Amino acid sequence: MTADYFLFLGLFGVAFFAVSGALMGHEKSINGFGVVVVASVTALGGGTIRDLLLTQPIFWVETPSYLYSAYGAVILTVISIRYLPPLSNYYFILMDAAGLAIFNIMGMEKALIEGTGMIVALTMGMTTGIFGGLLRDVICREVPLVMRGDLYATACLSGGLAYAALFTLDAPYAWCILGSLITTVFIRLGSLHWGWKPNIFKKGCTPKS
């Protein structure tokens, strides 16, 4: 992926996660500055942890455009909340799913650029996608989505595996990205719409104490 495409994708991912953080902050009746903090942590947290683990410059320090994208998305969200009819929880779910899918790809791409193996790239993708939302939920005193019964981490991993499969087959980058995006968003939204659950421990199989 070229640097321009990587930046373009990243700006969208940051914006989507910033919106999801702002909506969560509003739902929890957090004050104006608090909403900015929650949105910023959501948008920048996962990528920051990824860059620290890869010993790379922090992406938003090296390229301040990510900050403009995050803050711009927060401002537009606050204006929409204040002057438009109440937003449905569907928008939060959609923004979070889109941010998860995009950040998953960004984490994998950055790891592969640094010469890691695919298993490390998959882990970096999940780290980038999950940790911003995890920090958001902790700050807002919510049980993190990744720790609930919904397919959150599983959606992220599935999208990563779709990317890895297409990458291994030498598919064009556009197909790798599109396949990963569709897989992640479909599984994430499908788990909420149809009630899919990761039934690892089924009734009657719980280990005895």
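## A buried tyrosine and its ring partners

Tyr163 is buried, with a relative accessible area of 0%. Here buried means under 20% relative accessible area, exposed means over 50%, and partly exposed lies in between, using a 1.4 Å probe and protein chains only. This is a predicted model, in which local features need pLDDT of at least 70, side-chain atom pairs count only at pLDDT 80 or more, and totals for chains, interfaces and linings use all residues. Residues are numbered from 1 along each chain as its sequence is written, and side-chain values use heavy atoms, with hydrogens and water left out.

A search of the whole structure finds six aromatic pairs. Rings of Phe, Tyr and Trp (its six-membered ring) pair if their centres lie within 6.5 Å; planes under 30 degrees apart count as stacked, over 60 as edge-to-face and the rest as tilted. One of the pairs joins Tyr163 and Phe167, and it is stacked, at 6.1 Å centre to centre with 15 degrees between the planes. These two residues are four apart in helix α7, so about one helical turn separates them. Helices (H or I, at least four residues) and strands (E, at least two) are DSSP runs, numbered from the N terminus. Phe167 is partly exposed, at 31% relative accessibility. Phe167 also pairs with Tyr173: the ring centres are 6.4 Å apart and the planes stand at 45 degrees, so this pair is tilted. Tyr173 is partly exposed too, at 41% relative accessibility. Elsewhere, ring pairs link Phe8, Phe12 and Phe16 into a cluster.

## Salt bridges

How many salt bridges does a search of the whole structure find? It finds five. The rule asks for a side-chain nitrogen of Lys or Arg within 4 Å of a carboxyl oxygen of Asp or Glu. One of them joins Glu142 and Lys28, with the closest N and O atoms 2.2 Å apart. This pair links distant parts of the chain, 114 residues apart. Glu142 sits in the loop between α6 (118-139) and α7 (153-168), and Lys28 in the loop between α1 (3-27) and α2 (32-53). Both ends are partly exposed: Glu142 has 25% relative accessibility, and Lys28 has a relative accessible area of 32%.

Asp96 and Arg136 form another salt bridge, with the closest N and O atoms 2.9 Å apart. Asp96 is in helix α5 (residues 89-113) and Arg136 in helix α6, 40 residues apart, and the pair links distant parts of the chain. Asp96 is buried, and so is Arg136. Salt bridges that share partners also join Arg50, Asp51 and Lys110 into one network.

## Around Arg50

Arg50 forms a salt bridge with Asp51, and the closest N and O atoms are 3.0 Å apart. Arg50 is buried, with a relative accessible area of 1%. Asp51 is buried as well, at 0%. Arg50 also lies over the face of Phe59, at 5.3 Å from the ring centre. A charge counts as over a ring if NZ of Lys or CZ of Arg is within 6 Å of the ring centre and within 35 degrees of the ring normal.

## The nonpolar core

The largest nonpolar core has 42 residues. Such a core is a set of buried Ala, Val, Leu, Ile, Met, Phe, Trp, Tyr and Cys residues joined through side-chain atoms within 4.5 Å. Val14, Ala43 and Met106 have the most contacts inside it. The elements that give two or more residues are α1, α2, α4 (65-83), α5, α6, α7 and α8 (173-193). Of these, α1 gives the most, with 10 residues.

Val14 touches Ala43, Leu44, Phe59, Tyr66, Ser69, Ala70 and Phe103, not counting residues up to four places away in sequence. Contact means heavy atoms within 4.5 Å.

Phe103 lies in helix α5 and is buried, at 1% relative accessibility. Beyond four places in sequence, Phe103 touches residues including Gly10, Gly13, Val14, Phe17 and Ala43. Asn104 is also found in helix α5. Asn104 is buried, with a relative accessible area of 0%.

## Cysteines

The count of disulfides is zero, a disulfide being a pair of cysteine sulfur atoms within 2.5 Å. Cys156 is in no disulfide, and the nearest cysteine sulfur, that of Cys176, is 16 Å away. Cys156 is buried, at 1% relative accessibility. Cys176 is buried, with a relative accessible area of 0%.
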